Amino acid sequence: MNNLWALHPDYLNEVVNAPRLNALEKIGAEPLKKTATVYKLNGGSTAVIPITGVIAPSRTIESYYFGWTTLDVLAHDFKEALNNSRVKNIVFYAQTPGGDSTAVAEMADMIYNARGIKPIHVYTPALLASAGVWLGLAADKIWAHRTALVGSVGVLAATTKPDGEEIVVKSQHAQYKYSDDEEQIVKTLQSRVDALEGYFLEDLAKYRGLSVEHVQTKFGQGDVLPAAKAVEVGMIDWVVTGFDEVIKNLQGNAGNSMDTEEVYTKLSAQLQTTTEANQQLLTAVQQLATGFEAATAAISSMKEQQDAFEAKFTQQAAEKTAEQERLTDLDNVFAMFDQKPFTALHSKCISDGTTVGDAKTKLIQLMGQMSAGKPPPPIGDDLGEQGEAQTFEKMRAHYMTQDNLSQADATRKVAKEHKELHAEYLQRLALEKGGK
C-alpha cells in the first residue's frame, strides 16, 4: 500500500464500512432523481449527500463491497444537486475517517467554488477526519453532533520493508504519531506527506478564513478534537443534538445563512447596491423627463409655426379667390362693352382721347348709375346725317371683311381713323335710343 492517505491513523489497518443513513429514512428522506446517493428533504428543497466510510478516488470492487464514498460519484451527485432548480440547500452528511488523498483537493475546490450559488452545509454525527475535513471545511458551514470528533489534519504514507515490516510516515505538523522506523525510508516518505500536508493546510485556512499557522497549531495537530473544541478554534460552526436539528434549521430558510450577523451584512450590501442602482435609474428617468419636456416644447413651437403658416396660407388663398372673383367680374363687365348701348359710349370715350383702361372705368361707373335708376349722361350734341351713318357702317363692314376683324375691333379702327364718322354714328345711336 504505497498511496498517500488523508486518513485517521486508527483506521489505517481497519478499513470498515461506515454506518448507513438510517436516520434519513426515519425522517422521510427520498432519493433524488439522476443521482446515485443523494436524498431530498423539506419537500425537495434540501439535498443530502452522504460522505460515509473511507474516501476513494473512483469506484472499485472494494468501494462497492464496503460502501466507501468515491469522489467520481460524489462529484456527479454534487453537480446534479447544484443544478436542480428545486434544491435550495445542500447538506453533506459526513461520517468518515478520511481516505485516499487522490483527487480530494480537486473535489474540495469544486465545493468551495460553488459557494454563493446555494448554501452548502456539512453535518457530522460522529467523525469528520482528515480527507473528510478537507472536503467538509470547503463548505459554507459545518455542523457537528456534540459527541463528534473533528480533525486529523495531516497526511500519512505507508510502505513495507523487504523483510515485510510495515512503515508508516506522517507529515511534519501531524505530531500525533505512532510509528518510527528506518531513516532513509522515512525521509523519502516524509517529503511526500509534508508536501501534500502543505496544500491541505493552505486549503483549510482559505476555506475558514484563517491563517495557515492557526490551522497548524489549533486544529489538533493531526489528532481529532471534540466538537465543542472544534467550534472554539474555528474549525466548525455549530454543535447540535442531531441531524434533524440541522434539517429543521434549514427548513423554511432555503437560501439563507444561519448566521444573523452575516445575513444582515449581506442584506445591507444588497440594499446599498439596490439603492445605488435605483439612484442611477432615477437620474436616468430625470434626464429622460428633461429631454421629454424639451421635445414637447419644440413640438409645441413647431405646432404654433404650423398653425400660423396654415392661417397665412388660408388668408392668401382667400385673397387669391377674391381677386379671381373680382377679375372674373371685370371680365364679365368688359365683355358687355361689345354690346349695345355700351359700344357707342365706349367708342365716344375713345374718340375723345381717353385711354382704353380709363374708358372701361368710366363705363363701370356708368353701369353703377344705371343700376341705381339714374339716366346716363349725354354723350354728344351734334347728330350726323343718315348718309354719314351709313358710310360709317359700310366702313366698319369693310374692315370686318377685308381685315377679318370683329365688329368691336372694326368699330375701334373706324373710330381711330375716321373720328368724325364715328362721332356722328354715336350721336345717331343715342338719339335712336332716346326716341325709344
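**Entry 1**

I looked up Asp409 and found it partly exposed, with a relative accessible area of 37%. For this term, buried means under 20% relative accessible area, exposed over 50%, and partly exposed in between (1.4 Å probe, protein chains only). This is a predicted model, where local features need pLDDT of at least 70, side-chain atom pairs count only at pLDDT 80 or more, and totals for chains, interfaces and linings use all residues. Residues are numbered from 1 along each chain as its sequence is written, and side-chain values use heavy atoms, with hydrogens and water left out.

Next I asked which side chain meets that of Asp409 in a salt bridge. Arg412 does, at 2.8 Å, N to O. A salt bridge here is a side-chain nitrogen of Lys or Arg within 4 Å of a carboxyl oxygen of Asp or Glu. Arg412 is partly exposed, at 33%. Both residues lie in helix H14, and because they are three residues apart, about one helical turn separates them. I noted how helices and strands are set: they are DSSP runs (helices H or I, at least four residues; strands E, at least two), numbered from the N terminus. An α-helix has 3.6 residues a turn, so residues three or four places apart point the same way.

**Entry 2: Lys413 and Asp403**

I then checked Lys413. Lys413 forms a salt bridge with Asp403, and their closest N and O atoms are 2.5 Å apart. Lys413 is in helix H14 (residues 407–417), while Asp403 is in the loop between helix H13 (386–402) and H14, so the pair ties together parts ten residues apart in sequence. Lys413 is partly exposed at 25%. Asp403 is partly exposed too, at 28%.

**Entry 3: Lys229 and Glu232**

I moved to helix H8 (residues 227–232), which holds both Lys229 and Glu232, three residues apart. Their side chains form a salt bridge at 3.3 Å, N to O. Is Glu232 buried or exposed? Glu232 is exposed, at 60%, whereas Lys229 is partly exposed, at 35%. I wrote down the total count by this rule: eight salt bridges.

**Entry 4: Helix H9**

Which residues are buried in helix H9 (residues 243–250)? I found Phe243, Val246, Ile247 and Leu250. Seen down the axis of H9, the buried residues fall within an arc of 95° (taken from the directions from the helix axis to the C-beta atoms), so they line one face of the helix.

**Entry 5: Ser152**

Last, I looked up Ser152. Ser152 sits in the loop between strand S10 (149–151) and strand S11 (156–160). Ser152 is buried, with a relative accessible area of 3%. From Ser152 to Val133 I noted 19 residues in sequence and 7.9 Å in space, C-alpha to C-alpha.
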